[in-house]
Amino acid sequence: MKKILVTGGAGYIGSHTVRELLDNGYEVVVYDNLESGHKEAVAKAKLIEGELADSGKLQAALEGIDAVVHFAAYIYVDESVAEPAKYYRNNFSNGLVLLEAMRQAGVKKIVFSSTAAVYGEPTEIPVKESSPTQPINPYGHSKLMFEQALDWCCRAYEMHGISLRYFNASGAHKSGELGDAHLVQAHLGTAAIKAALGELSELKIFGTDWDTADGTCTRDYIHVSDLARAHILALEKIEEGEPHRVYNLGTGKGVSVKEVLAATKKVSGADFKVTETGRRAGDPQALIANVDKARRELGFETTESDIEHIIETALRWHQRHPKGFSGGSS
Ligand code: UFG
């Protein structure tokens, strides 16, 4: 049986991946400082509470491990602009501590949780892995820096790495047991559901004058369980091909803000107030993945990313956990 260390495994995408790994017969050790992760999200796995910067603890945790899936990171674009050093320290420097600890422990395989934010304002839609990477905030930049460092480390230390660039992660586990517990800085899907549940008095659309079919931004929403499955495929294929490879993970289809809101109203059966406001700073008009490479090389297909299914599962999670795990969240 393969034993996997999952850093940041108690977070949103991490906990779904841990569940998928366990369901596929992997042994899982979660390494998480619980700053924004939740114990309850990984109740079925072994949990080590530790900092990414703690090289000694990491090395001990890496004992007997076959591969690492690395999620632990800060994720807020706005915060990264206000506090860049915090993002470079955690997402880049602490990532290097992990790579060094892996080297010491002789662990040679790593799947890295990257993001479409590495592309910044895309120069072509759909975005290919070979499209220019020009991040427009420290969040995306810190993730790109780690990808690049990983690339060199894989070559120098004979490691195998795969960086997965997620587009808009959304939805929740179909059991209703896992979901996005970030209640403070809600993404569109979560905000729409809170509006449908009456927890938000209105939903603001940021810009209706974009050059798109209905004037609102389009995004590539991918179900978190589809993302989770991609990590298993990546682990299975990690030793094939170049030492470090990069894959987009999305559906290849764009869904507009207005379409998300219409689907939320349909699925929830609730009407809510929608206000059209100005554009939000830093929003690209469209962000849609070209997923040919992941299809071809990893055999990746989405099965849960229909927008109504995404909303249905997220709605179930929020109804069962209105205040996230144990009533608290970051
Ligand atoms: N939006 C609204 N109203 C809201 C919230 C969002 O109109 O209340 C719009 C945004 O303007 C955007 C779309 O909905 O057009 C999606 O916004 P999200 O905040 O849900 O997601 P982003 O596309 O901004 O963010 C995603 C990932 C980030 C990643 C970023 C890369 O969630 O982690 O893409 O650009 F960094």
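Helices here are DSSP runs of H or I with at least four residues, strands are E runs of at least two, and both are numbered from the N terminus. With that settled, Gly25 sits in the loop between α1 and β2.

Some ground rules. This is a predicted model, where local features need pLDDT of at least 70, side-chain atom pairs count only at pLDDT 80 or more, and totals for chains, interfaces and linings use all residues. Residues are numbered from 1 along each chain as its sequence is written, and side-chain values use heavy atoms, with hydrogens and water left out.

Now the overall fold. The protein has 10 helices and 14 strands. Its C-alpha trace spans about 55 × 40 × 40 Å along the principal axes. Of the 330 residues, 54% are buried. Buried means under 20% relative accessible area, exposed means over 50%, and partly exposed is in between, with a 1.4 Å probe and protein chains only.

On to the ligand. Which residues come closest? Leu188, Lys204, Arg219, Arg280 and Asp283 do, in a shell of 16 residues. By class, the shell holds 10 nonpolar, 2 polar and 4 charged residues. For the classes, Ala, Val, Leu, Ile, Met, Phe, Trp, Tyr, Cys and Pro are nonpolar, Asp, Glu, Lys and Arg are charged, and the others, Gly among them, are polar. Strand β8, residues 203-206, gives the largest share, 3 residues.

Why does the ligand lie between two domains? Because domain 1 (3-169 + 221-249) and domain 2 (188-219 + 252-320) both give residues to its shell. Those bounds come from an automatic or database domain assignment.

Next, polar contacts, meaning pairs of N or O atoms within 3.5 Å. A polar side-chain atom of Arg219 is 2.6 Å from a ligand oxygen. For Asn168, a side-chain N or O atom is 3.0 Å from an oxygen of the ligand. For His187, the corresponding distance is 3.2 Å. On its own the ligand has 690 Å² of accessible area, and the protein covers 88% of that. Those areas come from the Shrake-Rupley method with a 1.4 Å probe.

Most residues other than glycine have a negative phi, and most peptide bonds are trans. The bond from Ile125 to Pro126 is cis, with omega near -5°. Pro126 lies in the loop between β5 (109-115) and α5 (138-156). Leu34 is not a glycine, yet has a positive phi of about 60°. Look for Leu34 in the loop between β2 (27-32) and β3 (46-49). Glu158 also has a positive phi, about 55°. Glu158 sits in the loop between α5 and β6 (160-166). Is Glu158 buried or exposed? Exposed, because its relative accessible area is 62%.

Last, two glycines. Gly9 is in the loop between β1 (3-7) and α1 (12-23). At 0% relative accessibility, Gly9 counts as buried. Its C-alpha is 35 Å from that of Gly207, 198 residues away along the chain. Back to Gly25: it is partly exposed, at 41%. Gly25 and Met1 are 24 residues apart in sequence, and their C-alpha atoms are 7.2 Å apart.

Definitions and conventions. Near = heavy atom within 4 Å. Polar contact = N/O pair within 3.5 Å; in protein donor to acceptor, adjacent residues only side chain to side chain.
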